[in-house]
Amino acid sequence: MHIPVISNDGLSAMHSLAASQPELFIDARQPELRSQLEQTVHNDPDLNEPYQGQIQLLLALDELNNITFQGPSSDAHMAPILIKSLGLLSPNQYTDQLFWASINCFGLHQYTAKRWTTSNLQSTNPTRFIDRHWLDYGTNTPSRLYNSAARLWWLYERAERAAHYSAHSREEILDAMAGHVNLYHQAFSRPYITSNARLIAAIYDAFLDGGKYLETTANATQMLKALNLRGATVSFDFLTYAQLRQAVEEAKPRDGR
């Protein structure tokens, strides 16, 4: 299966369509979206080609799109399916906004629409909503948390990295990350913590070994702030896993169980 990769001009046209015809994205009307994309680029003298090549998938994304309509399914279930379809990605791909926008619009169009229109779309600016979940991606942390395809990829990647050091399996960590977004978002909004897979393993081992206090945003925030402060004086990169686990225990809220 091949997916067209939009160009920079194509992305500009997509942003225009998100403003003028958000229903094309929200209703997963992919053929019409492609037609309108090509027409928008053709009619604008400042824009050139809408596409710049193709992505060849190892497996079609039909399974993931179809599961979306069979009923509720967790991101932990969806992430491995995406990985099987994309295969190993190069840094040029997993950091590329055009790559992820193309996957969301032309490969995961049904999943993306179903996954995010269950959110409070009615109280959200539709254009900003589409930009956030379909089109935006960059070095900032929010784009990795809310871009539909990139979110799934990073969930799997982070669980995979942490599992190399954890007492728990990748599947257990993935379930914990996907099922408890308070902790996940709080942890990965802090780049210093995110960059250390052993520290992430220690955090999720503490959580999976009974640290249910970390399910609340307040407790997760308090503990991770304390870890950040500790990291300002002691480099986590030079601590053993046992020392990192001890640091996590020392950083937990006073009423943590």
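Student: Leaving aside its neighbours within four places in sequence, which residues is Tyr 165 in contact with?

Tutor: With neighbours within four places in sequence set aside, Tyr 165 is in contact with Ala 197, Arg 198, Ala 201 and Tyr 241; contact means heavy atoms within 4.5 Å. The model is predicted: local features need pLDDT of at least 70, side-chain atom pairs count only at pLDDT 80 or more, and totals for chains, interfaces and linings use all residues. Residues are numbered from 1 along each chain as its sequence is written, and side-chain values use heavy atoms, with hydrogens and water left out.

Student: Why is Tyr 165 called partly exposed?

Tutor: Its relative accessibility is 41%. Buried means under 20% relative accessible area, exposed over 50%, and partly exposed in between (1.4 Å probe, protein chains only). Tyr 165, at 41%, therefore counts as partly exposed. The residue is found in the loop between helix 11 and helix 12 (170–179); helices (H or I, at least four residues) and strands (E, at least two) are DSSP runs, numbered from the N terminus. Between Tyr 165 and Glu 38 there are 127 residues in sequence and 48 Å in space, C-alpha to C-alpha.

Student: Why does His 185 count as buried?

Tutor: His 185 counts as buried because its relative accessibility is 18%. The residue belongs to helix 13 (residues 181–188). Apart from neighbours within four places in sequence, His 185 is in contact with Leu 145, Tyr 146 and Arg 151.

Student: What makes helix 13 largely enclosed by the rest of the structure?

Tutor: Six of the eight residues of helix 13 are buried, and therefore the helix is largely enclosed. The buried residues are Leu 183, Tyr 184, His 185, Gln 186, Ala 187 and Phe 188.

Student: How is the packing of helix 13 and helix 16 described?

Tutor: Their axes are 9 Å apart and the packing angle is about 30 degrees. Axes are lines fitted to C-alpha atoms, for helices over the stretch in contact, and angles run from 0 to 180 degrees between N-to-C directions. Helix 13 is therefore roughly parallel to helix 16. Angles under 35 degrees count as roughly parallel, over 145 as roughly antiparallel, 65 to 115 as roughly perpendicular and the rest as oblique. In this contact, Asn 182, Leu 183, Gln 186 and Ala 187 of helix 13 meet Thr 217, Ala 220, Thr 221 and Leu 224 of helix 16. By class, the contact has four nonpolar, four polar and no charged residues; Ala, Val, Leu, Ile, Met, Phe, Trp, Tyr, Cys and Pro count as nonpolar, Asp, Glu, Lys and Arg as charged, and the others, Gly among them, as polar.

Student: At what angle do helix 16 and helix 17 cross?

Tutor: The axes of helix 16 (residues 217–231) and helix 17 (residues 241–251) come within 8 Å and cross at roughly 125 degrees. Helix 16 is therefore oblique to helix 17. Gln 222, Met 223, Ala 226, Leu 227 and Arg 230 in helix 16 meet Ala 247, Val 248, Glu 250 and Ala 251 in helix 17. These contact residues divide into six nonpolar, one polar and two charged.

Student: What is the relation of helix 15 to helix 17?

Tutor: Their axes come within 9 Å and cross at roughly 50 degrees. The two helices are therefore oblique to each other.

Student: How many aromatic pairs does the structure hold, and what makes the pair of Tyr 94 and Trp 154 edge-to-face?

Tutor: The structure holds 12 aromatic pairs. For Tyr 94 and Trp 154 the values are 5.6 Å centre to centre and 85 degrees between the planes. Rings of Phe, Tyr and Trp (its six-membered ring) pair if their centres lie within 6.5 Å; planes under 30 degrees apart count as stacked, over 60 as edge-to-face and the rest as tilted. The pair is accordingly edge-to-face. Tyr 94 lies in helix 6 (residues 91–94) and Trp 154 in helix 11 (residues 148–163), 60 residues apart. Both Tyr 94 and Trp 154 are buried.

Student: Which residues form one aromatic cluster with Tyr 94 and Trp 154?

Tutor: The cluster also includes Phe 99, Trp 100, Tyr 137 and Trp 153.
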